[in-house]
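Please walk me through this structure in plain terms. Begin with the strands, then go on to the core and the charged pairs.

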Amino acid sequence: MASSVVRATVRAVSKRKIQATRAALTLTPSAVQKIKQLLKDKPEHVGVKVGVRTRGCNGLSYTLEYTKSKGDSDEEVIQDGVRVFIEKKAQLTLLGTEMDYVEHKLSSEFVFNNPNIKGTCGCGESFNI
């Protein structure tokens with residue numbers, strides 16, 4: 001059973017243009033640093049896996065888990081020495097998405113800046129496409 005990494009928030013990106021890249025998911029430098037830090041104490045894990053689950057008041061929510069291997073249908077994104085695997089169900093949902101890590105005085109979390117999202121719930125934990 002995989003364990004959950006940390007909390008993630010969803011943001012619909014309508015005012016900001018994210019440039020299309022070859023990768024399904026791009027990571028900001030702060031996201032790369034945080035993933036490296038999280039994996040440093042877990043040598044048996046090779047990366048993190050991003051998925052989507054049906055939950056929340058708006059339909060879908062992202063999941064982040066440590067992973068020991070790449071699944072048969074997972075897409076692998078390697079950036080700056082960090083490996084992120086995307087579950088098959090989440091691959092189309094994440095196209096063109098930027099994964100960031102932000103720290104505030106009261107919280108710290110991964111944030112998915114996704115241009116494909118049509119709406120989010122008030123708390124930012126679920127979205128619809």
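Two strands are said to pair if DSSP finds at least two bridges between them. Helices (H or I, at least four residues) and strands (E, at least two) are DSSP runs, numbered from the N terminus. The model is predicted, and local features need pLDDT of at least 70, side-chain atom pairs count only at pLDDT 80 or more, while totals for chains, interfaces and linings use all residues. Residues are numbered from 1 along each chain as its sequence is written, and side-chain values use heavy atoms, with hydrogens and water left out.

E3 and E4 run antiparallel and are joined by eight bridges. In this pairing Thr 54 stands opposite Leu 60 in E4. E3 is also joined to E6, by three bridges, and these two strands run parallel. Here Lys 49 has Phe 85 of E6 opposite it. Six of the eight residues of E3 are buried, so the strand is mostly covered; buried means under 20% relative accessible area, exposed means over 50%, and partly exposed lies in between (1.4 Å probe, protein chains only).

The next topic is the nonpolar core. The term stands for a set of buried Ala, Val, Leu, Ile, Met, Phe, Trp, Tyr and Cys residues joined through side-chain atoms within 4.5 Å. In soluble globular proteins, nonpolar side chains tend to be buried together. The largest such core here has 24 residues, and those with the most contacts inside it are Leu 25, Leu 27, Ile 35, Val 84, Leu 94, Met 99 and Phe 110. Two or more residues each come from strand E2 (25-27), helix H1 (29-40), E3, E4, E6, strand E7 (97-103) and strand E8 (108-114). H1 gives the most, with five residues. For Leu 27, contact (heavy atoms within 4.5 Å) is found with Val 32, Gln 79, Val 82, Val 84 and Met 99, leaving aside neighbours within four places in sequence.

Charged side chains come next. A salt bridge is a side-chain nitrogen of Lys or Arg within 4 Å of a carboxyl oxygen of Asp or Glu. By this rule there are three salt bridges. One of them joins Lys 49 and Asp 74, at 2.8 Å from N to O. Lys 49 and Asp 74 are both buried.

Another salt bridge is formed by Glu 87 and Arg 53, whose closest N and O atoms are 3.0 Å apart. This pair, too, links distant parts of the chain: Glu 87 is in the loop between strand E6 (82-86) and helix H2 (91-94), Arg 53 is in strand E3, and they are 34 residues apart. Glu 87 is buried, at 13% relative accessible area, whereas Arg 53 is partly exposed, at 31%. There is also a salt bridge between Arg 83 and Glu 76, with 2.6 Å between the closest N and O atoms. Arg 83 is partly exposed at 29% relative accessibility, and Glu 76 is partly exposed at 28%.

Gln 91 is buried, with a relative accessible area of 18%.
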